Amino acid sequence: MQLIKANSNQLADIVQLVNHAYRGAGWTSEAELISGQRVDLETLQDIADNGNTIVFAATDNREALLGCVSLSPADKGEWYLSMLAVNPAIQENGKGKAILAAAEIYAREHGATSVKISVIQQRDSLIAWYERRGYRRTGAIKPFPYDDPSVGTPLRGDLTLVSLSKPL
Ligand SMILES: CC(C)(COP(=O)(O)OP(=O)(O)OC[C@H]1O[C@@H](n2cnc3c(N)ncnc32)[C@H](O)[C@@H]1OP(=O)(O)O)[C@@H](O)C(=O)NCCC(=O)NCCS
C-alpha cells in the first residue's frame with residue numbers, strides 16, 4: 001500500500017469510495033444514522049484546491065484505489081485528519097490501520113505533534129477502533145451540522161461529534 005497525494009483524475013473514484021464506505025456497505029457504515037452522500041465531487045474538488053487540506057489516495061502496486069484520507073495542518077502542530085475510508089470490499093484486512101499509520105507518519109514528518117479527528121458520538125465501534133490506535137477523547141463535543149445538506153441527511157435528531165486526539 002502506498003499513500004500518495006491524490007491527483008484530480010482520482011477524485012471521482014475517491015468520492016464513490018467514500019460514499020460507499022460511509023453510507024453503504026462495510027462494518028463501520030453510518031448508513032443507519034445518515035443517508036445520502038458524505039461528499040460530492042464539487043466539494044471534494046474545493047477541499048483539494050483550498051491549499052490547506054491534502055487529500056491522499058491509498059493505492060496498491062497496480063495503482064488501484066484501496067482507500068483515502070485527508071490531512072489539514074492547523075495551529076501549534078495539531079493536524080486534523082478526516083475522510084479516512086477503505087473500499088468496503090477489502091475492509092477488515094488491515095488496510096484502515098495501514099492508511100492511518102501512513103497518514104500519521106506523513107503528518108509527523110511535516111511538523112505535526114498531534115492528530116485530531118472528529119467522530120459521530122453514536123459510532124461506538126469506530127471510536128473503539130480509533131482508541132485501539134491510541135486516540136483519546138478530548139472532551140470537546142460539537143453539534144452535528146444539521147444545516148449542511150452537503151454531508152447527507154441525518155436520520156435522527158441527537159447526533160453529535162466528539163473530538164479525539166493522539167500525540168505523535
Ligand atoms: C474505519 C475503517 C477505515 C477501518 O478500515 P478497515 O480496513 O476495515 O480496518 P482494519 O482492518 O485496518 O482494522 C481491523 C480492526 O478492526 C476490528 N474489526 C474488524 N471488523 C470488525 C467488526 N465487524 N466489529 C468490530 N471490530 C472489527 C478488527 O478486529 C481489528 O481490530 P484491532 O483494532 O484490534 O486490530 C473502515 O471501516 C471504513 O472505511 N469505514 C467507513 C468510513 C469511516 O467511517 N471512516 C472514519 C471516519 S472518522
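Mentor: Let's start with two helices: H1 and H2 are oblique to each other. Keep in mind that this is a predicted model.

Trainee: At what angle do helix H1 and helix H2 pack, and how far apart are their axes?

Mentor: The general idea comes first: two packed helices are described by the angle between their axes and the distance between the axes. Here, helix H1 covers residues 11-23 and helix H2 covers residues 41-49. They pack at an angle of about 120°, and their axes are 10 Å apart. Angles from 65 to 115 degrees count as roughly perpendicular and those over 145 as roughly antiparallel, so H1 and H2 end up as oblique.

Trainee: Is the crossing of H1 and H2 left-handed or right-handed?

Mentor: Right-handed: that's how H1 passes H2.

Trainee: Which residues of H1 meet which residues of H2?

Mentor: On the H1 side you'll find Leu 11, Ala 12, Ile 14 and Val 15. Facing them from H2 are Leu 41, Leu 44, Gln 45 and Ala 48. Sort this contact by class and you get seven nonpolar residues, one polar and no charged ones.

Trainee: Now rings. How many aromatic pairs does the structure hold?

Mentor: Five. In general, a pair of aromatic rings is described by the distance of the centres and the angle of the planes. Take Phe 56 and Tyr 106: their rings are 4.9 Å apart, centre to centre, with 70° between the planes, and the pair is edge-to-face. Phe 56 belongs to strand E3 (residues 54-59) and Tyr 106 to helix H3 (residues 95-109), so this pair ties together parts that are 50 residues apart in sequence. Both Phe 56 and Tyr 106 are buried.

Trainee: Which residues do ring pairs link into a cluster?

Mentor: Phe 56, Trp 79 and Tyr 106.

Trainee: Can you show me how to call another pair? What do Phe 144 and Tyr 146 form?

Mentor: Their ring centres are 5.2 Å apart and their planes are at 70°. Over 60 degrees counts as edge-to-face, so that is the name for the pair of Phe 144 and Tyr 146. Phe 144 is buried, at 7% relative accessible area, whereas Tyr 146 is partly exposed, at 39%.

Trainee: Where does Pro 154 come in, and which residues is Pro 154 in contact with?

Mentor: Pro 154 is in strand E8 (residues 153-154). Leaving out neighbours within four places in sequence, its contacts are Leu 33, Ile 34, Phe 144, Tyr 146 and Leu 159. Pro 154 has a relative accessible area of 22%, so it is partly exposed. Also have a look at Ala 31: Pro 154 and Ala 31 are 123 residues apart in sequence, and their C-alpha atoms are 9.4 Å apart in space.

Trainee: Next, backbone angles. What is phi of Lys 76, and what is phi of Glu 92?

Mentor: As background, most residues other than glycine have a negative phi. Lys 76 has a positive phi, near 55°, and Glu 92 has a positive phi too, near 65°. Lys 76 is in the loop between strand E4 (65-72) and strand E5 (78-86), while Glu 92 is in the loop between E5 and H3. Lys 76 counts as exposed at 81% relative accessibility, and Glu 92 counts as exposed at 69%.

Trainee: One last thing: how far apart are Ala 25 and Arg 108, in sequence and in space?

Mentor: They're 83 residues apart in sequence and 32 Å apart in space, C-alpha to C-alpha. Ala 25 lies in the loop between H1 and strand E2 (34-35), and Arg 108 lies in helix H3. Each is partly exposed: Ala 25 at 35%, Arg 108 at 46%.

Note on methods. Residues numbered from 1 in each chain as written. Predicted model: local features only at pLDDT ≥ 70, side-chain atom pairs only at ≥ 80, totals over all residues. Heavy atoms only, no water. Axes fitted to C-alpha atoms, helices over the stretch in contact; angles between N-to-C directions. Helix = DSSP H or I, 4+ residues; strand = E, 2+ residues; numbered from the N terminus. Parallel < 35°, antiparallel > 145°, perpendicular 65-115°, else oblique. Left-handed = near helix turned anticlockwise from the far one by under 90°. Contact = heavy atoms within 4.5 Å. Nonpolar A, V, L, I, M, F, W, Y, C, P; charged D, E, K, R; others polar. Phe/Tyr/Trp six-rings, centres within 6.5 Å; stacked < 30°, edge-to-face > 60°. Buried < 20%, exposed > 50% of the residue type's maximum accessible area, 1.4 Å probe, protein only.
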